[in-house]
Amino acid sequence: MILLEEQNRVVYETLKAKLSASKPESVNIAAVDFDGVQYQISNPDGDKGVIHLSAKMRMYEDLVAHGVQDLLKREYGDCLLSTPEEGYDVTLKYELASLPADKEEVARKASLLKRNCFASVFEKYFKMQEAETASDKTAIVHYHEEEAVYITAQTDRVTVIFSTLFKDPDDIVIGKVFLQEFKDARKAHQQAPQVLFSYGEPPSELNGQPGLLRGDNIGYVTFVLFPRHTNPTNRDNTINLIHQFRTYLHYHIKCSKAYLHSRMRSKTSEFLKVLNRAKPEAMTEKKFGVGKRV
């Protein structure tokens, strides 16, 4: 299976080129990311010596309560504007005259803006578990249209539950196959987190939570993360992988459907060739003497 990049490739390539250019260049690019995230890269007031990277995320308001602004200040320092551009949730400002020598690293870090925003809630609950403190409240982050992630911390684990909506009946069937593979992976890899999934009804851990979805096309995927996954050594890698789980799942469902369709078209083409070869030859008349035909 393919692991998707945690960074936004358009943001990275654009900033890498503009920050490393021999002379300042104008830029005005809009880009999108998974989960409805929108980016805008531009020169404020036409000043080519300054580049703004602004982002709009539907989950940002939910993350404010979990320290997203403190985390962004830690990661981006003075580049983070206290007041973002109008219509956006966060804005980073880069002055070309005062950039560090490693401009590629600056671009890479900027392209992780969505990941770093999402990381705030995971870091908060991972640290709770590290301190052996159980959370008194479940974090709810509405990261996608009609879908959410629920996070709780216990003294010995962190539980992360994704709700996901399957809009096509075929997605449910293929999704079950993928989720069963996640569940069975622990048999071969004992260090992997425990994975549980259910369809139609939310798991008991979410009893009493508002806005829970129910129905045959609704799935709930539960990850049980233990200290070996949430400790400071492995924390960043765990966040890189789990924050884009929903994207990873639906991406591979679509790839599987595309592969099945291509195989069906290929097999249909082979069947047509067989049928064409099976056509009877045209009847011809054979003469056997004068006036006799068969």
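**Briefing: sheet, helices and cores**

The model holds an open sheet of 4 strands, ordered β1-β2-β3-β4, with antiparallel pairing. Its edge strands, β1 (28-32) and β4 (90-95), each pair on one side only. Two strands count as paired if DSSP finds at least two bridges between them. This is a predicted model: local features need pLDDT of at least 70, side-chain atom pairs count only at pLDDT 80 or more, and totals for chains, interfaces and linings use all residues. Residues are numbered from 1 along each chain as its sequence is written, and side-chain values use heavy atoms, with hydrogens and water left out.

- β1 and β2 (residues 38-42) run antiparallel and are joined by 5 bridges.
- N28 stands opposite S42 in β2.
- Helix α1 (residues 9-19) lies across β1, β2, β3 (50-56) and β4, and runs at about 170 degrees to β3.
- Axes are lines fitted to C-alpha atoms, for helices over the stretch in contact; angles run from 0 to 180 degrees between N-to-C directions.
- Helices (H or I, at least four residues) and strands (E, at least two) are DSSP runs, numbered from the N terminus.

**Helix α4**

- The buried residues of α4 (residues 103-110) are V106, A107 and A110.
- These residues cover an arc of only 95 degrees around the axis, which puts them on the same side of α4.
- The arc is that of the directions from the helix axis to the C-beta atoms.
- An α-helix has 3.6 residues a turn, so residues three or four places apart point the same way.
- The buried residues of α4 pack against α1, β3, α3 (68-76), β4 and α5 (113-130).
- Buried means under 20% relative accessible area, exposed over 50%, partly exposed in between (1.4 Å probe, protein chains only).

**Nonpolar cores**

- The largest nonpolar core has 61 residues, and L113 and V160 have the most contacts inside it.
- α5 gives the largest share of this core, 8 residues.
- Another core, of 9 residues, lies apart from it; I140, A148, L165 and L206 are among its members.
- A core is a set of buried Ala, Val, Leu, Ile, Met, Phe, Trp, Tyr and Cys residues joined through side-chain atoms within 4.5 Å.
- Leaving aside neighbours within four places in sequence, L113 is in contact with residues including Y39, L53, L72 and V90.
- Contact means heavy atoms within 4.5 Å.

**R235**

- R235 sits in helix α8 (residues 235-242).
- R235 is buried, with a relative accessible area of 8%.
- A polar atom of the R235 side chain lies 3.0 Å from the backbone oxygen of T230.

Conventions:
A polar contact is a pair of N or O atoms within 3.5 Å; within protein, one must be able to donate a hydrogen and the other to accept it, and residues adjacent in sequence count only if both atoms are side-chain atoms.
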